[in-house]
Amino acid sequence: MKINIKKYLGLAALAASAVAVFWNQPVYRKYTIDSDGALCGLKVVFISDLHNSDYGEDSSKLLSMIDNVSPDLIFFGGDIADEKSSEAPVVRLLEQLQGVYPMYYISGNHEYWMDNTDEIHQIFSDHGVRVLLNEIVNIETIYGDITLMGLNDPDSILSMSDKKATEKFLEETYDSDLMTDYKILLAHRPEHIHSYMNYDFDLILSGHAHGGQVRIPGILNGLYSPNQGFFPKYAGGYYRMADKTDFIVSRGLSYRKILPRIMNPPELVVLEFE
């Protein structure tokens, strides 16, 4: 029987392309941050928009990825839990991370859409995570000192528009007297970047946009994201702002079969400072 090699190679290429397009397992997204030597050698893992997703038994795959990085700090950027499914995978992940890495967390909009927001915050706190609700904390590392400011999601105040709530939180929380040489802002929503830039931060970390759900690398960075609509400017990736602030938007770690990510795999963000 004659074997049509070209046919089978074509089918294999088609299958490989389909896997690449619809890949739904987490990948590393690494960024090198120029801190002018202030934090040279520091490694940070940034986890955002997990939405209770479970990767492996007891989150073993995600945990292995984190351990392979061996970060000095872990930042959680909100929407780690949500109202649509059980937070059990989040609890299992935190149980494995507790006592191993210093961790800091802000809420996203979905935690404020839950009926048990305070309980979710307490779960993080009980597992050794510093919960930042419009707070500033100074972190000492062997590489240098960091000021980390964690901003509440504006949905924590439903009586105000998102932008007005964000501006209120910034004004009430920012305190120049508490700032060290290197200043980081954790703020869930990237669409308010120009409000964040009214304050003196070296690095701003956001999530929320889910990478625009559909991407065509090099052509389309994102099709649609919450609160930015179609063709979002800040769907995900690295942005060097006009004042030289580093702005990174995580494409998040969530995956749901009913809303597949296209050429937009879930990502674990790794920041390496030099």
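Trainee: Which elements each supply at least two residues of the lining of the largest pocket?
Mentor: This is a predicted model, with residues numbered from 1 along each chain as its sequence is written. Local features need pLDDT of at least 70, side-chain atom pairs 80 or more, totals for chains, interfaces and linings use all residues, and side-chain values use heavy atoms, without hydrogens or water. Going by DSSP runs numbered from the N terminus (helices H or I, at least four residues; strands E, at least two), the elements that each give the lining of the largest pocket at least two residues are α4 (109-112) and β10 (224-225).

Trainee: And which residues lie nearest the centre of that largest pocket?
Mentor: A pocket here is an open set of points on a 1 Å grid (1.4 Å probe, protein on both sides within 12 Å along at least five of seven lines), and lining residues have an atom within 4 Å of a point. The largest pocket has 23 of them, and nearest its centre are His210, Gln213, Pro226, Arg256 and Leu259.

Trainee: How many of the residues lining the second largest pocket are charged?
Mentor: Asp, Glu, Lys and Arg count as charged, Gly and others as polar, and Ala, Val, Leu, Ile, Met, Phe, Trp, Tyr, Cys and Pro as nonpolar. Nearest the centre of the second largest pocket sit Asp34, Asp36, Tyr182, Asp202 and Lys244. Its lining has 14 residues, dividing into three nonpolar, two polar and, for the charged ones, nine.

Trainee: Turning to the open sheet of six strands, which are its edge strands?
Mentor: Strands pair here if DSSP finds at least two bridges between them. The order is β6-β7-β8-β9-β13-β12, with mixed pairing. Since each pairs on one side only, the edge strands are β6 (135-141) and β12 (237-240).

Trainee: Which residue in β7 stands opposite Ile139?
Mentor: β6 pairs with β7 (residues 144-150) in the antiparallel sense, over seven bridges. Opposite Ile139, then, β7 places Ile146.

Trainee: Last one: how far apart are the C-alpha atoms of Ser176 and Ser250?
Mentor: Ser176 is found in the loop that runs between α6 (162-173) and β8 (182-186). Along the chain, Ser176 and Ser250 are 74 residues apart.
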